[in-house]
Amino acid sequence: MTKKVVNVAVGVIYEQGKYFVCKRSEEQHQGGLWEFPGGKVEPRESIELALQRELSEEIGIQVTDSKHLLTIEHDYGDKQVCLHVHVVDQFSGRPSGLEGQPSQWVDYNELKNLEFPKANIAIIEALSTF
């Protein structure tokens, strides 16, 4: 039996040499780990629209432009995900954890020291040349 793949729009929020990250709640899949904000792509929704919707709901920003960084397929064993990762460096509003999740701005060296889900490691590696 094939596992269902969950498509996720991920935003790497970047401003003045820092990245905005959030901590997943303990109840969520991969709970307690840091993440780049985003969420599930709904049926018949484009990646770009999902990214705009999720970042508005989760951290309160309006995306004005984003650039595709990479796509990652990862099997956690209990769940398979396909992360559609975009760098968001043009937005309005000030990001904050609207769902009560801890959040912070970090530079690249700090980013490397945080604990992320395994699928996110490729994102951090891709940012080393950013």
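## Nonpolar cores

The largest nonpolar core has 21 residues, and those touching the most other members are Val12, Phe36, Leu83, Val85, Leu111 and Ile123. A nonpolar core here is a set of buried Ala, Val, Leu, Ile, Met, Phe, Trp, Tyr and Cys residues joined through side-chain atoms within 4.5 Å; buried means under 20% relative accessible area, exposed over 50% and partly exposed in between, with a 1.4 Å probe and protein chains only. At least two residues of this core come from each of β1 (5-15), β2 (18-23), β5 (62-75), β6 (80-92) and α3 (121-127). Helices (H or I, at least four residues) and strands (E, at least two) are DSSP runs numbered from the N terminus.

Another core, of 14 residues, lies apart from it and includes Cys22, Ile59, Val63 and Phe91.

## Basis of the model

The model is predicted: local features need pLDDT of at least 70, side-chain atom pairs count only at pLDDT 80 or more, and totals for chains, interfaces and linings use all residues. Residues are numbered from 1 along each chain as its sequence is written, and side-chain values use heavy atoms, with hydrogens and water left out.

β5 and β6 pair in the antiparallel sense over eleven bridges; pairing requires at least two DSSP bridges between two strands. Asp75 stands opposite Gln80 in β6. Four residues separate the two strands of this hairpin, and Gly77 in the turn has a positive phi of about 95°.

## Ser46

Ser46 lies in the loop between β4 (38-40) and α1 (47-59). Ser46 counts as partly exposed because its relative accessibility is 31%.
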